[in-house]
Structure formats: structure tokens, C-alpha cells
Amino acid sequence: MFIVGITGGIGSGKSAVTGLLEQQGINVVDADIVAREVVEPGTPALKEIEMHFGASIINQLGGLDRQKLRAIVFDNLQERKWLEALLHPLIREEILLQLSQSNSPYTVLASPLLLETDQHELVDKIVVVDVAEQVQIQRTMQRDNNSSDQVKAIIAAQKSRQERIQSAHYIINNDADLKTLQEKVLNLHQQLLLNAKE
Ligand code: ATP
């Protein structure tokens with residue numbers, strides 16, 4: 001099985017790219033979705049998180065209060081490490097399961113933390129979606145209704161553009177419009193189909 005990892009900073013356009021590839025019949029495993037699935041109500045991981053952080057981490061619907069959890073771990077390295085040690089192996093296991101169920105010519109693993117975690121070991125090629133920081137801030141603010149300072153803080157906590165690009169086999173620059181992105185993604189798709197056959 002040929003696996004293509006797609007990563008990029010916040011608001012770079014990962015979902016836009018994977019959406020286009022899905023239209024070409026490619027299966028996409030989304031690490032963000034998996035990360036939510038492993039802490040759904042009734043999961044052992046959610047129970048552990050509740051025991052560690054207290055019942056106030058659970059919202060009225062019985063689910064994880066993600067915003068509260070993010071606020072706790074954002075500037076607390078020790079708590080972040082605890083949470084990562086719990087979740088990363090579970091997320092990896094579930095990603096492996098979902099990848100193994102794919103039957104498209106190649107399969108995409110989309111993950112904002114592809115390079116930061118051992119998830120990059122699961123992929124044959126790495127695609128980085130790259131945008132100028134100004135564009136990234138603009139699009140993220142528009143999408144999430146965030147302030148520029150909030151977006152800048154998230155960008156500062158992520159890997160730099162330079163670091164990401166160094167790990168890339170393919171770079172998709174997404175500074176231009178969606179039509180341009182579509183052309184680039186279709187080209188990439190042809191390339192990846194060839195790679196998958198090699
Ligand atoms: P995150 O890591 O935060 O989930 P992402 O990398 O998946 O983000 P997207 O959600 O795909 O990024 O894109 C961010 C926003 O920018 C979205 O609202 C999307 O519709 C928009 N967008 C993406 N690419 C373009 C483009 N080329 N032109 C205009 N808007 C775009």
C-alpha cells in the first residue's frame with residue numbers, strides 16, 4: 001500500500017487539498033478526525049483524561065471540553081506531555097487501522113502533526129502545503145473568526161515553514177486562488193499515481 005502524508009501549518013489549505021484528492025477517488029485518513037474519535041464519549045482515553053484533569057473537563061453533553069483542554073496544555077509542557085503520551089499511540093493505532101481498510105490507488109494521511117509525531121514513519125511520500133504567513137493568518141482569521149494575535153500564537157507554536165519544507169518530497173504552494181490550487185493538485189495526483197505504481 002502506498003501512503004502519502006499531507007501536512008502544513010494552520011489554515012494552509014490541507015483540507016482544501018485532500019477534498020480535491022477525494023474527488024479523484026482517493027481515500028483520506030484525517031488525523032484530526034481520528035484524534036477526536038479516540039476521545040469520544042465512552043472511550044477509555046476519555047475516562048483517563050477525566051480522572052487526570054477532573055470532571056470539569058467533560059462538557060454537558062458528556063464529551064470532552066476540547067477548548068478547556070487546549071487552554072490547559074497550551075502553556076503547560078508537563079500536562080501536554082502527559083496528554084500526548086496517552087493519545088499519540090492510540091491515534092497511531094487507529095490511523096493504521098483506517099489506512100489498512102483503504103483500497104484506492106494510493107491513500108492519504110492528512111495530519112497537521114505529521115512531522116512532529118512519529119506519524120511520518122507511516123508514509124512513503126510527504127506533501128507540504130505551503131503558504132505565505134500573511135495569507136495563512138488572513139485565511140485562518142476569516143475561517144475561525146480569530147484575532148491575528150491568536151493565529152500568530154498558534155503559528156509560533158508550530159514548526160516553521162522552512163523546517164516543514166525541508167522534509168517535503170512535494171510542495172504545493174497555496175498563495176493563489178482555489179482554481180490554481182485545483183490545477184496543482186491534479187498534477188500532483190498524476191505524479192502520485194505514478195509513484196504508487198513504481
Ligand atoms: P487547519 O490545519 O487549521 O485545519 P487547513 O490546512 O486544513 O487548516 P483549510 O481549512 O483547507 O486549511 O483552508 C483554510 C481556509 O482557507 C479555509 O476557509 C479554506 O476554504 C480557505 N482556502 C484554502 N485554500 C484557499 C485558496 N487557494 N484561496 C482561497 N481560500 C482558500
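Guide: The answers below concern the domains, the interface and the nonpolar cores of this predicted model.

Visitor: Into which domains is the chain divided?

Guide: There are two: domain 1 covers 1-26 + 106-198, and domain 2 covers 34-103.

Visitor: How far apart do the C-alpha centres of domain 1 and domain 2 lie?

Guide: The C-alpha centres of the two domains are 23 Å apart. Their contact draws 13 residues from domain 1 and nine residues from domain 2.

Visitor: And how much area do domain 1 and domain 2 bury between them?

Guide: About 880 Å² is buried between the two domains, with 72% of it on carbon and sulfur atoms. On the domain 1 side, the residues losing the most area to domain 2 are Met1, Thr107 and Leu122, which together account for 43% of what that side buries.

Visitor: How many salt bridges does the rule find across the interface of domain 1 and domain 2?

Guide: It finds two salt bridges across this interface. In polar contact there are two residue pairs across the interface, both at pLDDT 80 or more.

Visitor: Which elements supply at least two residues each of the side of domain 1 that touches domain 2?

Guide: Those elements are β3 (107-110) and α7 (148-157). The most comes from β3, with three residues.

Visitor: Changing topic: what is the distance, N to O, in the salt bridge of Glu121 and Arg92?

Guide: The side chains of Glu121 and Arg92 meet at 3.7 Å, N to O.

Visitor: Now the core. How many residues has the largest nonpolar core, and which have the most contacts inside it?

Guide: The largest nonpolar core has 28 residues, and Ile49, Leu87, Ile95 and Leu109 have the most contacts inside it. Two or more residues each come from α2 (31-37), α3 (44-53), α4 (66-74), α5 (77-100) and β4 (125-130). Of the elements, α5 gives the most to this core, with six residues.

Visitor: Why does this core lie between domain 1 and domain 2?

Guide: Domain 1 and domain 2 both contribute residues to the core, so it lies between them.

Visitor: What does Leu87 touch, leaving out residues up to four places away in sequence?

Guide: Leu87 touches Val38, Val39, Ala45 and Ile49.

Visitor: What other core lies apart from the largest one?

Guide: Apart from it lies another core of 17 residues, including Phe2, Leu21, Val108 and Val185. As a general background, nonpolar side chains in soluble globular proteins tend to be buried together.

Definitions and conventions:
Residues numbered from 1 in each chain as written. Predicted model: local features only at pLDDT ≥ 70, side-chain atom pairs only at ≥ 80, totals over all residues. Heavy atoms only, no water. Core = buried A, V, L, I, M, F, W, Y, C linked by side-chain atoms within 4.5 Å. Buried < 20%, exposed > 50% of the residue type's maximum accessible area, 1.4 Å probe, protein only. Helix = DSSP H or I, 4+ residues; strand = E, 2+ residues; numbered from the N terminus. Domains from an automatic or database assignment. Contact = heavy atoms within 4.5 Å. Buried area = accessible area lost by both parts, 1.4 Å probe. Salt bridge = Lys/Arg side-chain N within 4 Å of Asp/Glu carboxyl O. Polar contact = N/O pair within 3.5 Å; in protein donor to acceptor, adjacent residues only side chain to side chain.
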